[in-house]
Amino acid sequence: MRLHIAAFAAVVLATFPSLAYSGDGKPTAHVVLAATGNFGPQTLALINSYRKSRGLSPLVPNGTLQALARQHSRYQATRNRLSHDGFRQRSAAARAAGISIVCAENVGQKYRSAQSLFAGWKNSPGHRRNLLRPKLRYAGVSVVGDFATFFACE
């Protein structure tokens, strides 16, 4: 079991050097505030309220996607660097767990609350597009230290 966990971690933590991109090919800006605690579940609740207000289905919290989001937030915190490194591996892990490989990811750094994190993503066109992708069904949001990850799949 320990070997399987280590192998999985090695795959997920494989790095592909990159900046944070919003999906339009341009680097994104992120608010610089200090994070306090894991307010991922509250952030997902805000995302779901926003989706419902736009006529979309809420995202179902998923333990696998939550674990992948937490692992990526830890990865960023360990390196003290915002990134989408390992996105393909996270998508493959979601597929291996029986979830679609079609996934979306937002990352953020140094937000103090669920409200400020959600507002940052909502006010960024690329991040907002990910939050409102109509075919997304499952999600996990995690904050570790100064780093947040939203990971959702169809």
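Predicted model: local features only at pLDDT ≥ 70, side-chain atom pairs only at ≥ 80, totals over all residues.
Residues are numbered from 1 along each chain as its sequence is written, and side-chain values use heavy atoms, with hydrogens and water left out.

The chain comprises six helices and four strands, where helices (H or I, at least four residues) and strands (E, at least two) are DSSP runs numbered from the N terminus. Read from that terminus, the order of elements is α-α-β-α-α-β-α-α-β-β. Buried residues, defined by a relative accessible area under 20% (1.4 Å probe, protein chains only), account for 46% of the 154 residues. Among contacts (heavy atoms within 4.5 Å) between residues at least 6 apart in sequence, 73% link residues at least 24 apart.

The four strands form an open sheet of mixed pairing in the order 1-3-4-2; two strands are taken to pair if DSSP finds at least two bridges between them. Strand 1 (60-61) and strand 2 (103-109) are the edge strands, each with a single partner, so one side of each has no neighbour in the sheet. Strand 3 (residues 138-144) and strand 4 (residues 147-153) are joined in the antiparallel sense by seven bridges, and A148 of strand 4 is the bridge partner of V143. Across strand 1, strand 3 and strand 4 lies helix 2 (residues 40-53), which runs at about 140° to strand 3; the angle, on a scale from 0 to 180 degrees, is taken between N-to-C directions of lines fitted to C-alpha atoms, for helices over the stretch in contact.

Strand 4 also contains F150, which is buried with a relative accessible area of 0%. Beyond its neighbours within four places in sequence, F150 is in contact with residues including I47, L59, A104, W121, L131 and V141. The C-alpha atoms of F150 and S73 are separated by 9.3 Å, although the two residues are 77 apart along the chain.

Note on methods
Buried < 20%, exposed > 50% of the residue type's maximum accessible area, 1.4 Å probe, protein only.
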